[in-house]
Amino acid sequence: MKKVMIGNHAVSWGALRSRVEVISAYPITPQTQIVEALSDMVADGSLPAQYIKVESEHSAMAACIGGSIAGTRTFTATSAQGLALMHEMLHWAAGGRLPVVMANVNRAMAPGWTIWTDQNDSLSQRDTGWIQLYCETNQEVFDTTIQSFKLAETVNLPVMLVLDAFYLSHTSEPVDVTEQEDVDRFLPKREAAFKMDTSDPRAFGALVRPDAYTEMRWQQQEAMLEARDVFRRVEDDWEAITGRRYGAVETYRTEDADLLLVTSGTITSTARHVVDERRAAGEKVGLIKVKMFRPFPTDELRELLGGVDRVAVLDRNISPGHGGIFAEEIRAALYDVPPEDRPNLFGYILGLGGRDVTPAVIDDIIDNTRSTARPEREDLWVGVEL
Amino acid sequence: MSQTIIKQHIPQDELLASGHLACPGCAAPIAMNLVLKALGPETMVVLPACCWSIIAGPWPQSSLQVPLFHTAFETGAAVASGIKAGLVSRGDTKTTVISWAGDGGTFDIGLQALSGAAERNEDFIYFCYDNEAYMNTGIQRSSATPWGAWTTTTPTSDPEHQPKKDIMAIMAAHRIPYAATASVAYPVDLVEKVKKARTIRGTRFIHILAPCPPGWKTQNDETIDLARMAVERRVFPLMEVENGGSWRFTVDHPGGSVEEYIRRQARFKHLTDRQVEIIQDQVDARWEILSNRVKYGT
């Protein structure tokens, strides 16, 4: 069934098709339409879920954690300040090995007040132990929502799927809504590996002494690393049903390229267009889209970027005092590439607080990357006017 | 109260093991033991940070023989909401979910989540065992600390300025179906209230005064005496309020001077006789307010 829908509703439809059992949410722009649509679905009976309309995002995540330890499939959605307020409980969900799924609509952090997109909200949660998947289109948003539950429930870790404010959340695109019976085949009812059960009473999350804490974190890390392979299998299964797959990393016209753009989110779509134009003009330009940020696809990126002459990483985020976050992570990944194969890497900061990244901006980046011997600094800010 | 009557009212089976880690003389495990006797094994416990995070025992042990979820300080009511929703979504409507929090997790950091859950009338019982300060972190004042008390953040040169927050009035204002105060010195009254709460749907709130020998600077064997004296002298009256409007006392409160109750606790030893009189005046004034609530329903 094809429907034209905004990105936010693609999330709602994904949650509906996943038969979520407990929803707990608090409104925040630009996420709110996700949980509004779910309210309608629950109210009209099409989604027989328990919906807890909490008084804060902190409680939204806490209630999802409760629903998850009771053994059910739980979901919430948020943005920016709401995600930041949840921070403590993001650690609790991950450390508790609870497969909560959350959609985060990327919105820049205040102050100054803003509702427009950038990635600093989700990337600030990098070390909480959540799997992070960044989406480019509404179809990908729908598919990734459903895949997220399968991935989360296989490795017992929470998953955050991420979409850009307005460029996806409020923009309509056609979405092929997979039929319920097909989704049911892909994603059966959750069978929790452990849960609150009066016939088998256990304590969860108790005090852990130094002799065991490290082992718990090690197991969490092993599960995170396993998620790379599990995601491949999840995509195999989804592709068998729908014919669609995205990859933790996607390559676009990278063959024989001497300059690669690296993007995430909706900037990718603009970059595809620019790459097509440059290729038509005979330039060897390609594109790498990073969908999976945690666990980081280190091996794929080493393989794809090693030996390439020049790489331009487009970061819609900034780690103040360091640089663009994708660029820094990729630099670290490339340290183990032999020095002669290490690309000349340019890290661009752009599009913050929702500023438009047009084809002309990406053209300038390609030209600058080609014409500059070495980047002057790790963070190359695009279009700053003071 | 004769032994026979207590046996009739209080189940023999215990769901709290003897190996718990409470301090000697602590009222908190006594309260938990009585509550679980009243609720039985079809119970799940949510435990936000408090003394009981330690009392329950470190991983991989648990002193409770019911499922227990340790959670962050301010999330008792929210996690309980989620667990209940999860159970209901899978068709389990009979398991009782409780949140078990200290005064810090209830009066202070957990109040927002508690208010939200109570306003939504979430179907669980919220217990606050109140030892009148942040005892687990080493006796810092909370908004449940009484006027004049010493704590490590209210030194004797500048003791607690504020009277104890009226948490019962706050909960009653949410018009939840049932709220009550209870005492470890009145086990039959406590168990009866828990049993009654168990039969009611919606948010139920039970506030239990829990004397703390290290924090109150009292002897280990004084806990029950002090808990009883707090009730008798009207410092901590035992009450019920249904649907926010119907208040009643559940035991006799003969009244009398609070001086002995105060003087037996070294956390008040710096107080002058005049300051003890001020506490007496506060207790008398509050008693009048509570009596009016009973009489007029507000």
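Leaving aside neighbours within four places in sequence, B:His174 is in contact with B:Ser115, B:Ala118, B:Glu119 and B:Gly244, where contact asks for C-beta atoms, placed from the backbone, within 7 Å. This is a predicted model, in which local features need pLDDT of at least 70 and side-chain atom pairs count only at pLDDT 80 or more, while totals for chains, interfaces and linings use all residues. Residues are numbered from 1 along each chain as its sequence is written, and chains are lettered from A and ligands numbered from 1 in the order in which they are written.

**Around B:His174**

Let us stay with B:His174 for a moment. It sits in the loop between helix H7 (167-173) and strand E5 (178-183) of chain B; helices (H or I, at least four residues) and strands (E, at least two) are DSSP runs, numbered from the N terminus. Its C-alpha atom is 9.2 Å from that of B:Arg120, a residue 54 places away along the chain. B:His174 counts as partly exposed because it has 18 C-beta neighbours inside 10 Å. On this scale, 20 or more other C-beta atoms within 10 Å make a residue buried, 12 or fewer make it exposed, and anything in between is partly exposed, with C-beta atoms placed from the backbone.

The loop between H7 and E5 of chain B also holds B:Arg175, which is not a glycine and yet has a positive phi of about 55°. With 17 C-beta neighbours inside 10 Å, B:Arg175 is partly exposed. Another non-glycine residue with a positive phi, here about 70°, is B:Ile139, found in the loop between E4 and H7 of chain B. B:Ile139 is buried, with 23 other C-beta atoms within 10 Å.

**A sheet that takes in both chains**

Which strands make up the open sheet, and in what order? There are 9 of them, in the order E9(A)-E2(B)-E1(B)-E3(B)-E4(B)-E6(B)-E5(B)-E7(B)-E8(B), and the pairing is mixed. E9 of chain A and E8 of chain B stand at the edges with a single partner strand each, so one side of each has no neighbour in the sheet. Strands count as paired if DSSP finds at least two bridges between them. Some of the pairings are set out below.

| Strands | Sense | Bridges |
|---|---|---|
| E9 (203-204) of chain A and E2(B) | parallel | 2 bridges |
| E1 (43-48) of chain B and E2(B) | parallel | 4 bridges |
| E4 (125-130) and E6 (204-209) of chain B | parallel | 6 bridges |
| E5(B) and E7 (239-242) of chain B | antiparallel | 3 bridges |
| E7(B) and E8 (246-249) of chain B | antiparallel | 4 bridges |

At the chain boundary, A:Ala203 stands opposite B:Leu68 in E2(B). Within chain B, B:Val46 stands opposite B:Phe69 in E2(B). From E2(B), B:Leu68 and B:His70 point one way and B:Phe69 and B:Thr71 the other, and all are buried. Further along, B:Tyr126 has B:Phe205 in E6(B) as its bridge partner, B:Ala180 has B:Glu240 in E7(B), and B:Val241 has B:Trp247 in E8(B). E7(B) and E8(B) form a hairpin with 3 residues between them, and B:Asn243 in the turn has a positive phi of about 55°.

**Where the chains meet**

The contact between the chains draws 39 residues from chain B and 38 residues from chain A. On the side of chain B that touches chain A, helix H3 (51-55), strand E2 (68-71), helix H4 (76-89) and helix H6 (111-120) each supply at least two residues. H4(B) gives the largest share of that side, 11 residues. By type, that side divides into 20 nonpolar, 15 polar and 4 charged residues; Ala, Val, Leu, Ile, Met, Phe, Trp, Tyr, Cys and Pro count as nonpolar, Asp, Glu, Lys and Arg as charged, and the others, Gly among them, as polar.

The largest nonpolar core has 217 residues, of which A:Ile65 and B:Ala31 touch the most other members. Such a core is a set of buried Ala, Val, Leu, Ile, Met, Phe, Trp, Tyr and Cys residues joined through C-beta atoms within 7 Å. Its largest share, 9 residues, comes from H2(B). Beyond its neighbours within four places in sequence, B:Ala31 is in contact with B:Tyr129, B:Val184, B:Ile208 and B:Ala210.

In H8(B), the buried residues include B:Pro187, B:Leu190 and B:Val194.

**Cis peptide bonds**

Chain A has a cis peptide bond from A:Ala110 to A:Pro111, with omega near -15°, and one from A:Arg294 to A:Pro295, with omega near -5°.

Methods: Contact = placed C-beta atoms within 7 Å.
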